[in-house]
Amino acid sequence: MAVARRRVAVGLGVAGAACALLGVCLLVVGPIIVKDQVIKNVRIDPNSISFSMWKDIPVPFYLSVHFFEVLNPKEVLQGAKPVLNERGPYVYREYRYKTNITFHDNDTVSFLEYRRLFFQPDLSNGTEEDYVVIPNIMLMGAAVMMENLPNFVKVVLSGALAGLRQEAFMNRTVGEIMWGYDDPLVDTINAIVPGLIPFKGKFGLFIEFNSSSSGLFTVNTGMKNISRVHMVDTWNGLKMVNYWRSNECNMINGTAGEMWPPFMSPTSLEFYSPDACRSMTLVYEQSGKFKGVPTYRFVAPKTLFANGTEYPPNEGFCPCLQSGILNVSSCRHDAPMFISHPHFYNADPSLLNAVEGLQPSKDKHGLFLDIHPMTGIPMNCSIKLQLNLYIKQVVGIIQTGRIKPVVLPLLWFGESGYIEGSVLRQFYTNLVLIPSVLEYLQYIFLGLSVPLIISAVVLLAMSQEKCSLFGSSNKKNSDSNKANQATSAKKLPAVKGTVLREARLGGDKQIFGFRRLQKRVLGHVKDQELGLGTGGLLRKEIALGQEINHDKFSPPPS
């Protein structure tokens with residue numbers, strides 16, 4: 001029984017030690033394996049899982065455009081506050097793909113990324129044939145740009161505008177505003193003020209957005225340093241732009257806005273936006289999950305479009321009186337254009353109060369990025385910006401009437417997308433499920449090792465105790481037998497010396513006497529083995545003594 005217990009204890013001990021060893025191995029080796037797989041698959045390498053995803057983004061992106069229709073254009077010309085009504089959204093499916101992919105020896109890769117947009121009637125609230133009343137962007141923009149020119153130039157332009165029947169507000173279709181319309185005003189302005197408008201032909205707010213690239217990006221591949229993967233090295237061959245008034249503001253920081261280096265910390269992230277002509281910084285807000293995948297949410301801080309008074313580092317961007325808008329005229333052909341959050345969210349209240357019909361909301365108008373921190377891959381994103389035009393009365397150009405200076409919202413748009421379908425399943429399995437299983441297994445093995453080892457120790461202790469009790473019992477029995485032998489020896493009659501001396505007499509008599517003595521001794525041992533006790537042993541000794549005495553007096557053989 002004790003041997004069986006010892007065998008079971010040894011088996012449990014070995015099993016417990018094996019579980020502990022496996023748990024420790026998974027605890028130490030598991031994260032290393034996961035990290036190694038992440039590094040192999042997120043760097044820009046034609047052999048990595050994410051390369052095809054990086055090259056031709058499979059995630060469905062959508063561009064949603066909301067127009068601000070001016071309901072009281074005639075009153076605005078007389079100095080009234082603009083009353084706005086939001087129209088839309090007009091939704092476009094966006095496809096992104098990269099071309100001219102060229103790898104360089106300095107651990108970088110260059111590419112051009114193109115976007116193609118397709119109208120989605122079933123997702124839109126309206127059609128591209130809808131008419132919307134908005135400011136005449138060409139006229140009002142050119143008027144502000146010409147404000148400091150000699151009066152006779154402005155008078156000439158005003159006469160030309162009247163001849164072309166150009167007014168401060170226009171009624172155009174959504175498609176025309178988006179993708180361009182033929183406007184004789186473009187040629188007229190270029191004829192009167194050459195170079196004021198650096199383009200010809202059609203004018204549209206998104207005419208350069210569709211089927212055109214966002215510039216030549218050169219980014220790090222991460223093959224040598226994974227912490228630099230996707231970080232922009234140059235844009236259009238530049239390490240700094242020259243749109244702004246300080247070196248800090250002109251710096252090209254972060255990534256191209258598609259992916260970020262893996263193993264992110266919950267602090268902040270940066271990316272360069274060609275649409276905003278600057279680098280932008282988002283800050284960590286909270287942790288969460290997107291369809292089971294852990295994410296970090298990054299949002300725009302209130303300082304993103306703050307003026308230099310409220311946030312001194314932004315002084316180089318915009319010497320603006322109000323916070324919450326960014327003057328992008330320097331990268332938009334000097335047109336008086338401003339960007340902001342939709343509905344002037346997080347902007348100076350004076351901007352909101354200058355118009356009617358805006359209702360800023362964080363949920364509707366705040367931008368965010370939900371990124372898987374282990375890989376740096378966005379799972380869900382929504383980038384929202386508002387395009388505004390600064391309009392005012394310009395002396396000498398009668399078409400501007402008595403318009404009070406105002407930053408007037410034209411439209412706001414949101415680019416959104418999220419991972420779904422087979423891409424999401426593959427991502428979840430490889431980068432979430434398997435690492436989670438490895439993590440749980442290490443704790444399961446470590447947890448099992450404890451009861452197994454404890455059980456082995458307990459069984460060994462019980463086995464040792466049983467052996468000790470059995471050994472003590474045998475020792476007591478041995479001591480009892482020794483005591484009985486001592487008692488018997490005391491009761492035996494002493495053997496006469498003459499008996500032994502006679503036994504030693506020569507010849508057969510000596511041998512016979514020795515055999516008798518040997519028989520006596522063997523009989524004594526046998527009695528001990530049979531447990532005859534003191535009485536039986538004494539009787540045998542008496543009988544043996546009598547027999548020896550009889551031999552003593554028997555005559556020797558003739």
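**Ground rules.** I number residues from 1 along each chain as its sequence is written, and my side-chain values use heavy atoms, without hydrogens or water. As the model is predicted, I ask pLDDT of at least 70 for local features and 80 or more for side-chain atom pairs, while totals for chains, interfaces and linings use all residues.

**Entry: helix α4.** I took helices and strands as DSSP runs, numbered from the N terminus (helices H or I, at least four residues; strands E, at least two). Helix α4 spans residues 137–145. How many of its residues are buried? I count 8 of 9, with buried meaning under 20% relative accessible area, exposed over 50% and partly exposed in between (1.4 Å probe, protein chains only). The buried ones run through Ile 137, Met 138, Leu 139, Met 140, Gly 141, Ala 142, Ala 143 and Val 144. I then looked up their partners, with contact set at heavy atoms within 4.5 Å. The buried residues of α4 pack against several elements, among them β4 (131–135), α5 (151–163) and β14 (377–391).

Entry: I searched a 1 Å grid over the protein atoms alone. A cavity is a set of points where a 1.4 Å probe fits but cannot get out; a pocket is an open set with protein on both sides within 12 Å along at least five of seven lines; lining residues have an atom within 4 Å of a point. Points join across faces, edges and corners, and a volume is the space filled by probe spheres set on them. The largest pocket holds about 1100 Å³. It has 43 lining residues, and Leu 205, Glu 208, Cys 331, Arg 332 and His 333 are the closest to its centre. Helix α4 turns up again: it gives the largest share of this lining, 5 residues. By class I noted 28 nonpolar, 9 polar and 6 charged. Here Ala, Val, Leu, Ile, Met, Phe, Trp, Tyr, Cys and Pro count as nonpolar, Asp, Glu, Lys and Arg as charged, and the others, Gly among them, as polar.

**Entry: cavities.** I found 2 cavities of 30 Å³ or more. Of its 35 lining residues, Phe 61, Arg 96, Ala 256, Gly 257 and Glu 258 lie nearest the centre. Strand β14 supplies the largest share, 7 residues. The second largest cavity has about 50 Å³. Its lining includes Trp 54, Phe 111, Ala 256 and Glu 258.

**Entry: rings.** I counted 21 aromatic pairs. Rings of Phe, Tyr and Trp (its six-membered ring) pair if their centres lie within 6.5 Å; planes under 30 degrees apart are stacked, over 60 edge-to-face, the rest tilted. Tyr 92 and Trp 179 pair edge-to-face, 5.5 Å centre to centre and 85 degrees between planes. Tyr 92 lies in strand β2 and Trp 179 in helix α6, so the pair ties together parts 87 residues apart in sequence. Tyr 92 is buried at 1% relative accessibility.

**Entry: charges over rings.** I required NZ of Lys or CZ of Arg within 6 Å of the ring centre and within 35 degrees of the ring normal. Arg 93 sits with its charged end over the ring of Tyr 95, 4.0 Å from the centre. Arg 297 has its charged end over Phe 368, 4.0 Å from the ring centre.
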